[in-house]
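Subject: Handing over the two-chain model

Dear colleague,

I am passing on the structure we talked about, and my notes on it follow below. Please read them with the structure open beside you.

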Amino acid sequence: MFKGKKVIALGERDGVPGPAIAECMEAAGAEVVFQKTECFV
Amino acid sequence: MVPALRAASNVLVHVPDLVRYGSKPWRENSGGDAALAGALSRRLRSFAEAVAYPPNQVFIGNMAPGDLGEGPSPWYENPVPEASAKGAFGEILPQEDFYPLLEAADQFGLLLFGPDAPSGADAASAAAASLLEGSGPGKTGPGKRGREEEILGRIESGEALPLHRGGDLIGCVRRDHEADESLDARILLENLAAKASGAYALRHLLLQEEIAPEEIEYVISCSEEAVGDRYNRGGGNLAKAIAEMAGCAGAAGVDVKSFCAAPVYALVHAAALIRAGVVKNAVVVGGGSLAKLGMKAYFHIEKEMPVLEDVLGGIAFLLGSEGGGAPRVNLEITGHHGAGRPSTPQVMAEALVRDPLERAGRKICDIDKYAVELHNPEVTLPAGAGDVAATNYRTIAAMAVMKGEIAREEIPAFIESKGMPGFAPTQGHIPAGVPYLGHALVGMRAGDLRSTMVLAKGSLFLGRMSQQADGASVVVEV
């Protein structure tokens, strides 16, 4: 379902980090155009 | 020597008129949105409201963390009746008494207060009053009172920022170099706020334990501010500045930094120095984070809540040698997150909880209480930032399931028994597990608690030098 899609991956420190989301998305065939991890506390 | 945790102190400083200098409000308001600035000032709390706020009462030790879960919510609508600003192991300082502390912290004439500014002469806090002895207007230091024209002149020239009490201008803070962004007025105010609140926490700890400041040998600061000029931004040693202000004249000082994980590292380092015989005692101290004031204020305003991020936190812990029932800091059970490991919550929980306990032959269920990052969920949830403590407890419980220590259906009971609601202000390093240590000492002295693991994580990726997070843990037990 992600093949050929462009993805923006926003990670969170206490959740899933941005690079982990990006890796999953790339493995699923998506193009990650931006990935970042943020901390909201 | 076997290192032990001998005392803990948690302080809060209510600074409604400094919320505007938090990073987020400053950025929003400097955009010139007067409506936003007005909304912010209308939603600020009074000192009495901040004192009666249940999580703040837990922070200073007048209520147990578990009381929050049993009491009515939302907490901000259910103040504690007859709440006191003085707690079992902490206290809450009003802004009126903090401005003089800022002035006492200033050795470079950065602050200029007018004749109507508070002097701190009537400070109800013994810790604040003792820090003000020998400093301030007419005594030592630069604390002369300025004329109104002088203050206005500095502000209008662009070199200084105004300091207020309610709607009144009472002083200003200036930059110390026109071209050095590290010595900008707001940055210097951040650093002074961390120094003053850290010294306040340290002096409160010393008074509470009736220890002369001169007896302290080593001070480690886990504060977050990047103290330094343009050639050495973050050069640091705020520890020594705090020690000096608190009167610890013989103490060496050093900063330990790792974002919000720093307090746990600092505890481990202090305990290791004692165990190695380098020093007989050490204090870990953290001053408050001005930058984080009002970080989520606009979510709170949107939801018609008070602005809850209106306090600076301060923490101080005294470590010495075992004896007299003081719990030991067990350096055999310390967790670290290796630089090459992924930063996922599961790997972090393995590194901080599972692995150190396994190495020591302990089970996850052997620890009585886990003190994770104890951010107050009432602050974070309206901003969509989740319940940090609850998330971390679920991860630890899941680890216990994976190890076969508990069944999946026992997760809620595990969290209820070994966790607690977050109660600390969202001040970065301040909620890092360590605010529970005061409660742990109370529980251990009463024989109700045998062990706690303190664990915290740091967001290294915020500095853009690594995509990594970091983490550290240590067990304190009798």
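Two strands are said to pair if DSSP finds at least two bridges between them, and the strands themselves (E, at least two residues), like the helices (H or I, at least four residues), are DSSP runs numbered from the N terminus. This is a predicted model, in which local features need pLDDT of at least 70 and side-chain atom pairs count only at pLDDT 80 or more, whereas totals for chains, interfaces and linings use all residues. Residues are numbered from 1 along each chain as its sequence is written, with chains lettered from A and ligands numbered from 1 in the order in which they are written.

A word on confidence comes before the details. The pLDDT, which is the predictor's confidence in each residue on a scale from 0 to 100, averages 95 in chain B, where 98% of the residues score at least 70. Residues 136-142 of chain B, however, stay under 50, and the model has 19 contacts beyond four places in sequence for them; a contact here is a pair of residues whose C-beta atoms, placed from the backbone, lie within 7 Å. Where pLDDT is low, the predicted coordinates should not be read in detail. For the complex, the predictor gives an ipTM of 0.78 and a pTM of 0.95.

Chain A

Chain A has one helix and two strands, arranged β-α-β from the N terminus on, and its C-alpha atoms fill a box of roughly 35 × 15 × 15 Å along the principal axes. Of its 41 residues, 37% count as buried, a residue being buried if 20 or more other C-beta atoms lie within 10 Å of its own, exposed if 12 or fewer, and partly exposed in between, with C-beta atoms placed from the backbone. In helix α1 (residues 18-27) of chain A, the residues A:Gly18, A:Pro19, A:Ala20, A:Ile21 and A:Ala22 are buried, and the buried residues of α1(A) pack against β1 (6-12) and β2 (31-38) of chain A. Just after α1(A), A:Gly29 takes a positive phi of about 95°.

The contact between the chains takes 10 residues from chain A and 19 residues from chain B. The side of chain A that touches chain B has seven nonpolar, one polar and two charged residues, where Ala, Val, Leu, Ile, Met, Phe, Trp, Tyr, Cys and Pro count as nonpolar, Asp, Glu, Lys and Arg as charged, and the others, Gly among them, as polar.

The three-stranded sheet of chain B

In chain B, an open sheet of three strands has the order β3-β5-β4, with antiparallel pairing. Because β3 (111-113) and β4 (160-165) of chain B stand at the edges with a single partner strand each, one side of each is left without a neighbour in the sheet. The twist averages 25° from one strand to the next.

β3(B) pairs with β5 (residues 168-174) of chain B over three bridges, while six bridges join β4(B) to β5(B). In β5(B), B:Cys172 is the bridge partner of B:Leu112 and also of B:Pro162. The hairpin of β4(B) and β5(B) has two residues between the strands, and B:Gly166 takes a positive phi near 60° there. Helix α8 (residues 148-156) of chain B lies across β3, β4 and β5 of chain B, running at about 55° to β5(B); axes are lines fitted to C-alpha atoms, for helices over the stretch in contact, and angles run from 0 to 180 degrees between N-to-C directions.

Helix packing in chain B

Helix α10 (residues 238-245) of chain B is mostly covered, with six of its eight residues buried, among them B:Leu238, B:Ile242 and B:Met245. The buried residues of α10(B) pack against several elements of chain B, including α6 (95-105), α9 (185-209) and β8 (282-286). Just after α10(B), B:Gly247 takes a positive phi of about 85°.

α6(B) and α9(B) themselves pack at an angle of about 105°, with their axes 9 Å apart, which makes α6(B) roughly perpendicular to α9(B) (65 to 115 degrees, with angles under 35 counting as roughly parallel, over 145 as roughly antiparallel and the rest as oblique). The residues of this contact divide into nine nonpolar, no polar and one charged.

With best wishes

How values were computed: Two residues are in contact if their C-beta atoms, placed from the backbone, lie within 7 Å.
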